[in-house]
Amino acid sequence: MKKIDRRVLRTQESLGNALVNLTLEIGYDAITIKELTQRASIGYATFFRHFKSKDELLMYVLRSVLEELFDVMKPETTPYHQALAMFQYVRDNSRTYRVFIDLPRDSELFNTVYDTVAVSIRENYVARDENLIPMEIAVNHVVTSISELIRWWIHNDMNISPEKMATIQSELIIKAT
């Protein structure tokens with residue numbers, strides 16, 4: 001496994017943080033590469049040594065957050081504990097999640113999130129014997145329902161505890177599927 005230089009990681013993290021902060025301040029579409037590099041305190045040309053575009057940077061941030069999320073959601077635990085870990089992680093990283101919750105549903109970025117989460121669910125999905133719902137329909141339901149539940153929670157200022165949200169997800173989405 002190739003080890004990544006810490007300077008590279010610092011630069012990518014700095015750019016990712018700048019992207020999240022600027023998106024929340026002025027909106028994703030308004031951000032320029034120049035503003036990103038100024039906010040991240042790196043040279044303009046340095047950006048292009050790491051990323052081809054701000055979309056690629058956003059995809060990098062997105063994949064990083066999803067990897068971290070999947071790391072905290074242990075597949076060997078109960079659905080409730082997985083949901084609890086997810087809501088705690090979303091709460092602790094809410095600034096980044098605020099950027100992602102309003103991605104257009106027809107965007108490549110949203111489709112990447114959907115596909116990544118769907119693969120994870122497919123790997124862990126166990127159909128009940130009495131379940132007449134095809135797996136692809138169940139996976140679609142779970143991914144979109146959880147996504148909308150997170151969106152609702154964030155838009156409502158996360159005024160319900162992660163514990164309660166985990167219970168809601170377990171009862172409303174997981175048990176039903």
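This is a predicted model: local features need pLDDT of at least 70, side-chain atom pairs count only at pLDDT 80 or more; totals for chains, interfaces and linings use all residues.
The structure holds 6 aromatic pairs, a pair being two rings of Phe, Tyr or Trp (its six-membered ring) whose centres lie within 6.5 Å. Planes under 30 degrees apart count as stacked, over 60 as edge-to-face, and the rest as tilted. The rings of Phe47 and Phe48 have their centres 5.1 Å apart and their planes at 80°, so this pair is edge-to-face. Phe47 also pairs with Phe51, here in a tilted arrangement with 6.0 Å from centre to centre and 45° between the planes. One aromatic cluster brings together Tyr44, Phe47, Phe48, Phe51 and Tyr60.

How exposed or buried are the members of these pairs? In what follows, buried means under 20% relative accessible area, exposed means over 50%, and partly exposed lies in between (1.4 Å probe, protein chains only). Phe47 has a relative accessible area of 0% and is therefore buried. Phe51 is buried as well. Phe48, at 40% relative accessibility, counts as partly exposed.

Local features need pLDDT of at least 70 and side-chain atom pairs count only at pLDDT 80 or more, while totals for chains, interfaces and linings use all residues.

Turning to the overall build, the chain has 9 helices and 0 strands, where helices (H or I, at least four residues) and strands (E, at least two) are DSSP runs, numbered from the N terminus. Read from the N terminus on, the elements run α-α-α-α-α-α-α-α-α. The C-alpha trace spans about 60 × 40 × 30 Å along its principal axes. Of the 177 residues in the chain, 43% are buried. Contact means heavy atoms within 4.5 Å. Among the contacts in the chain with a separation of 6 or more, 64% join residues 24 or more positions apart.

On a 1 Å grid over the protein atoms alone, a cavity is a set of points where a 1.4 Å probe fits but cannot get out, whereas a pocket is an open set with protein on both sides within 12 Å along at least five of seven lines. The second largest pocket has a volume of about 370 Å³, a volume being the space filled by probe spheres set on the points, which are joined across faces, edges and corners. Its lining consists of 17 residues, and Glu13, Asn17, Tyr60, Ser64 and Glu68 lie nearest the centre of the pocket; lining residues have an atom within 4 Å of a point. Helix H1 (6–26) and helix H4 (54–72) each supply at least two residues of this lining, with H1 giving the largest share, 8 residues. Sorted by class, the lining has 6 nonpolar, 6 polar and 5 charged residues. Here Ala, Val, Leu, Ile, Met, Phe, Trp, Tyr, Cys and Pro count as nonpolar, Asp, Glu, Lys and Arg as charged, and the others, Gly among them, as polar.

Helix H1 also contains Thr11, which is buried because its relative accessible area is 15%. Not counting residues up to four places away in sequence, Thr11 touches Ile42, Thr46 and His50. In the loop between H1 and H2 sits Ala30, which is partly exposed at a relative accessible area of 42%. With its neighbours within four places in sequence left aside, Ala30 is in contact with Glu35 and Lys54. The charged end of Lys54 sits over the ring of Tyr28, 4.5 Å from its centre; this label applies if NZ of Lys or CZ of Arg is within 6 Å of the ring centre and within 35 degrees of the ring normal.

Most residues other than glycine have a negative phi. Ser41 is not a glycine, yet its phi is positive, about 60°. Ser41 lies in the loop between helix H2 (33–40) and helix H3 (44–50), and at 66% relative accessibility it counts as exposed. Asp157 likewise has a positive phi, near 55°, and lies in the loop between helix H8 (135–155) and helix H9 (162–174). Asp157 is exposed, with a relative accessible area of 58%.

Finally, helix H8 holds Arg151. At 12% relative accessibility, Arg151 counts as buried. Not counting residues up to four places away in sequence, Arg151 touches Ile101, Asp102 and Arg105.

How values were computed
Residues are numbered from 1 along each chain as its sequence is written. Side-chain values use heavy atoms; hydrogens and water are left out.
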